[in-house]
Amino acid sequence: MDRTGQIAVIFVSQRRDSDAEGYARAAEAMEALAAQQPGYRGVDSARGADGLGITVSWWADEASARAWRAHPEHAAIRERGRAEWYSAYEVAVAEVARSYMWGDKS
């Protein structure tokens, strides 16, 4: 898939060791909600046993990425994440200048 020109929102987080079920439900709900938003192009995510995770959400343009950030349900979950699930996180937003892939990601 060519992602050239898309916006990548890169979320690097450190999870606390609490409420794994609540976190999983919220993550699933946010992924489903994001997929309904205009400009959504996908998500890739991984988390290690130490709680360090990286999620990249892909957007058609900056306006789509900003609209997702401002979505009220996303904002509420973000606040809950700060209070309950994360000890720290970092977000970086970038426009993809070049993109290529090899093999099957599934």
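Modeller: The count comes to four salt bridges, where a salt bridge is a side-chain nitrogen of Lys or Arg within 4 Å of a carboxyl oxygen of Asp or Glu. The model is predicted, so local features need pLDDT of at least 70 and side-chain atom pairs count only at pLDDT 80 or more, whereas totals for chains, interfaces and linings use all residues. Residues are numbered from 1 along each chain as its sequence is written, and side-chain values use heavy atoms, with hydrogens and water left out.

One of these pairs is D19 with R80, whose closest N and O atoms are 3.7 Å apart. This pair links distant parts of the chain: D19 belongs to the loop between β1 and α1, R80 belongs to helix α3, and 61 residues separate them. Helices (H or I, at least four residues) and strands (E, at least two) are DSSP runs numbered from the N terminus. D19 has a relative accessibility of 33% and therefore counts as partly exposed; R80, at 33%, is likewise partly exposed. These classes rest on relative accessible area: buried is under 20%, exposed is over 50%, and partly exposed lies in between (1.4 Å probe, protein chains only).

R82 and E79 are three residues apart in α3, so about one helical turn separates them. R82 is partly exposed at 38% relative accessible area, and E79 is partly exposed at 45%. Salt bridges that share partners join D19, R80 and E84 into one network.

R66 counts as exposed because its relative accessibility is 56%, whereas E62, at 33%, counts as partly exposed.

The buried residues of α2 (62-70) are S64, A65 and W68. Seen down the helix axis, these buried residues fall within an arc of 100 degrees, so they line one face of α2; the arc is that of the directions from the axis to the C-beta atoms. The face turned away from the buried side carries the exposed residues A63, R66, R69 and A70. The buried residues of α2 pack against β1 (7-15), α1 (20-35), β3 (52-59) and α3 (72-85), with contact meaning heavy atoms within 4.5 Å.

Beyond α2 comes H71, in the loop between α2 and α3. H71 counts as buried because its relative accessibility is 16%. Leaving aside neighbours within four places in sequence, H71 is in contact with L33 and Q37.

The strands form an open sheet of four, in the order β2-β3-β1-β4, with antiparallel pairing. Its edge strands, each pairing on one side only, are β2 (40-47) and β4 (86-95). From one strand to the next, the twist averages 15 degrees. Two strands pair if DSSP finds at least two bridges between them. Eight bridges join the antiparallel strands β1 and β3, and within this pairing I10 stands opposite V56. Nine bridges join β1 to β4, again antiparallel; I7 stands opposite E95 in β4.

Two helices pack on this sheet. Helix α1 touches β1, β2, β3 and β4, and its direction makes about 160 degrees with that of β2. Helix α3, which holds R80, touches β1 and β4, and its direction makes about 140 degrees with that of β4. Axes are lines fitted to C-alpha atoms, for helices over the stretch in contact, and angles run from 0 to 180 degrees between N-to-C directions.
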